[in-house]
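Me: Please show me the sequence and the structure. I will then ask about pairing, the chain contact and the backbone.

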Amino acid sequence: MSGFISILLTGLVFVIIYQIAKASEYATILRGEGKINARVNRTMALLLVLFFVLGLYGIWLCHDAMVDKMLPVSASQHGVEYDSMLLVTLTVTGIVFFITQTLLFWFAYRYQSTEKRTSFFFPHNNKLELIWTTVPAIAMAVLVAIGLRNWGKMTGAAPKDATVVEVVGKQFNWIVRYPGKDGVLGKRDFRKINDANNVLGLDWDDKDNKDDIIAQNGELHLVVNKPVSILIGSRDVIHDVGLPHFRMKMDAVPGIVTTMWFTPTITTAKMKEITGNKDFVYEISCDQMCGKGHYSMRGTIIVETQEEYDAWMAKQQAYYAANNAPAAAPAAEGTTAPEQKTDSVKAITMK
Amino acid sequence: MSDVIIQGTNVAHTHDAHGGHHGHEHHEQHFITKYIFSQDHKVIAKQFLITGIIWAIIGALMSVFFRLQLGFPNETFPIMEKFLGEWAKGGKLNPEFYYALVTMHGTILVFFVLTAGLSGTFANLLIPLQIGARDMASPFMNMLSYWFFFLSSIIMFVSLFIQTGPASGGWTTYPPLSALKEASLGSGLGMDLWLVSMALFVVSSLLGGLNYISTILNMRTKGMTMTRMPLTIWALLFTAILGVLSFPVLFSGFVLLIFDRNFGTSFYLSEIFIGGKALPHVGGSAILYQHLFWFLGHPEVYIIMLPGMGMASEVLSNHSRKPIFGYSAMIISMIGITVLAFVVWAHHMFVTGMSPFLGSIFVLLTLLIAVPSAVKVFNWLTTIWKGNIRFTVPMMFAIGFVSLFISGGLTGLFLGNSALDIHLHDTYFVIAHFHIVMGVSAFFGMFAGIYHWFPKMFGRFMNNTLGYIHFFITLAGAYLIFWPMHYEGIAGMPRRYYDYSAWESFKQFESLNSFISIAAVLVFFAQLIFVVNFFVSIFRGRKMTTQNPWGSPTLEWTTPINPGHGNWEGDIPEVHRWPYDYKDDGNGNDFISQTTPLKPGEEAH
Ligand code: HEM
Ligand SMILES: [Cu+2]
Ligand SMILES: [Cu+2]
């Protein structure tokens, strides 16, 4: 019923608008079929300027309301450079925006048709055209230069001492794998995947896999101020590891391994203080459309101090041990790990 | 409507190029051949336009539905259930269908409205009329072009009603998501229909494009040298060239996808575990599809943009009573855009794992394409400078076009610079960018064209007052909707999300999202003002009483008020000067028609 009434009302509004429009149209015809009515012309010129002024005010209002919600504090080293580059680009484009829009609306108003005015026949001017080809070209060159310098830095090789972790996407969550004690991620094979006891398809013939730790809750632990190199993969469709606070993003593509690296600079605890939000958490958002659960494909990142990290790591159990230990037959290589302290402790005790 | 009969002999002696022209009916046409299977380019233009308008309404309505979800994730809208049935049980959109709606919205607006509806309408209407030809090079192919589009439309429309729903992998339909039925409901039959429909669409677009190019190159009337063509024709020429060269690549991409989906090939598939089992495919590359897609995808954005640019140039100049500034610079920058458009596609793929070095090259080329775009803007500004501006409805839209093109073009500089794109990619910043620059701005170009050439199409005017209302609500609304999205994007808020409330990083925009949705609904209703105005004016609009209401030097206004098939009664006109001679003709007019011979001693502009 309410639907019917609203449709009726909408219809009515349209009829009224149409009637008004028709009336004014007749009035125009009666007044004489001039090219365009002088009064209408003035009104429109004025309205355009009014729109422009209100628009600028609106931009200011919007900016005022949104500026704090916009760019989160950057929590990585290159994020700081990112922010300054963003600012430069914003400034350059902001100036161009303001000048060109002002000219557009000002010219429109200033040169509105009047009885007396005739237009100025001005088909071209090589000098002007040369100027406004070269000036944008130079501006672009500057932006490209800044951009490529930063791009080179952030996509360059990761530092040697970077920690390695793997993040794998699947519909619709993230799986994190740490290399364990040996610091090496073992081989995986998608044919060996089994949701019950081998979510990443680790190859148990590869001894590097035996100590690897897998977190299926999509929680990634990182050490503050220590570079991390992330290997990214996908089990099914394309996903994307989006890290807004670290200003980083990389697709997770089935069949290939992609990488990213960065250095987190602010711990989660510190970030809670900075943002004044006790629920603050770094999030991994899936940024590539991956199906109906795309919007809920969320991971988290905990940035902590080395001690906190070690303490947490000590509590983790190797995925192999947790899932295969009882049946793990030829344990020849696996058992010979004398000074296992952290990750493999449980593996040993279970044997 | 006078159904003028044109004698072949009139054609023959005018110009060689028209010697072979034919197809003028010598008898009263039947309704079907006249309005349905018509080969008259003007009728085909109207068919494209009206089909486009219908699609635009459907596509926009979809955006209303998903904007309601985004703006009010915790509310229910029973009215949605009326429209969408079980897809919106209890008035709440289901996520699967949310994605289907988004996908269809994108596909419909990009391809069916802003490609077919825009180029199809104005290339058909304007090319023969403005170059002085009686019809297209092949009116029959031209008719086929429309009917392939129609067939494609029907299939896409049908896909909306099948049980598993239409395609839902985004308008870019990246595999493996789009290739595997297990990956999503929409990747079932819906996706097959989508691919078939799009393949037919490509056929339609090629048939049209080849025709536009050969018509422009071969069928110009006497004296209509290339450099005397209005910029609309130049723009439509480059649009057609872009389409003809890039649509086949898209087509090949689709064919491979069809193979992967149905015949067990592995072009795009490798090492996939889905639906509880490992698939046999190895060795394919999911990224290959993206290269093929964007090889069309980027030119496509200019396919959408160029007709608007051409029409805005024409309208700005005409209603400022002043020649377009930098005619040759405009053409050169369009050449630049056309060439560069083919070598920037990978700027959509900076974060796919592509080599960073390759990325750098695409950064360079991408920012290079901004230069010709900037030149065009400055030329438009100078065109209205010291003009004698009449704020007719088309002029308003042309001014809005320039404003929006500036706003949206500038954000391209952020996205084209890979070091910035790495954070902004696939966020609302991208949504804001392309909606402003190609969504709304192209629509403004189209509206400028419709309001300007409506009298030529239907012999009547559209209602001005409604036009002004439509203009202001749409312009203000477009900025209200899309401007704030930049802020969301800079915060990293991803696009194509159904609900943000579980995200600590993005939930601060809840009220902003509601605001945007309200604006979107209002703008939708404002478009209905246009629709009503359009259809009512066809039958009831103020009648045209003079041949050349806008005082335009170009040829289309030398035809009778209601031109029949063949366009000109008697000889086709001969052209003596360029199309922007807005100067005193000595008889109290402020323009000189292209058909007026140069005065003794007068130089060509
Ligand atoms: C100044 C020139 C321009 C530059 C430098 C530029 C740059 C870009 C870049 C780099 C992207 C990819 C962003 C991303 O996905 O992360 C993009 C997206 C897009 N641009 Fe532009 N652009 C420009 C002008 C245009 C124009 C004129 C149009 C339309 C006619 C347009 C339409 C689009 C569309 C539709 C997308 C989104 C595609 C998608 O991912 O769905 N752009 N632009
Ligand atoms: Cu995902
Ligand atoms: Cu592009």
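Me: Which residue in strand 2 of chain A does A:Val168 stand opposite?

Reply: Strands are DSSP runs (E, at least two residues) and helices are runs of H or I (at least four), numbered from the N terminus. In strand 2 of chain A, the residue opposite A:Val168 is A:Ile175.

Me: What kind of model is this?

Reply: Residues are numbered from 1 along each chain as its sequence is written, and chains are lettered from A and ligands numbered from 1 in the order in which they are written. Side-chain values use heavy atoms, with hydrogens and water left out; local features need pLDDT of at least 70, side-chain atom pairs count only at pLDDT 80 or more, and totals for chains, interfaces and linings use all residues, as this is a predicted model.

Me: In which sense do strand 1 and strand 2 of chain A pair?

Reply: Strands of a sheet pair through backbone hydrogen bonds. Here two strands count as paired if DSSP finds at least two bridges between them. Strand 1 (residues 163-170) and strand 2 (residues 173-178) of chain A have five bridges, and the sense is antiparallel.

Me: How far apart in sequence are the parts tied together by A:Arg177 and A:Glu166?

Reply: The two form a salt bridge, the closest N and O atoms being 2.7 Å apart. A salt bridge is a side-chain nitrogen of Lys or Arg within 4 Å of a carboxyl oxygen of Asp or Glu. A:Arg177 lies in strand 2 and A:Glu166 in strand 1 of chain A, so the distance along the chain is 11 residues.

Me: Where is the cis peptide bond that has an omega of about -5°?

Reply: Most peptide bonds are trans. A:Phe172 sits in the loop between strand 1 and strand 2 of chain A. The cis bond joins A:Gln171 and A:Phe172.

Me: What is the phi of A:Arg247?

Reply: Most residues other than glycine have a negative phi. A:Arg247 is in the loop between strand 6 and strand 7 of chain A. This residue is not a glycine, yet its phi is positive, about 55°.

Me: How much area do chain A and chain B bury between them?

Reply: Contact means heavy atoms within 4.5 Å, and it takes 111 residues from chain A and 125 residues from chain B. Buried area is the accessible area (1.4 Å probe) that two parts lose on being put together, summed over both. With 71% of it on carbon and sulfur atoms, the total is about 10500 Å².

Me: Which side chains meet in a salt bridge between chain A and chain B?

Reply: Side chains of opposite charge can pair when their charged atoms come close. Across this interface the rule finds one salt bridge. At 3.9 Å, N to O, the partners are B:Glu96 and A:Lys292.

Me: Where is the cis peptide bond of chain B that has an omega of about 5°?

Reply: B:Pro176 lies in the loop between helix 6 (139-159) and helix 7 (189-218) of chain B. The cis bond joins B:Pro175 and B:Pro176.
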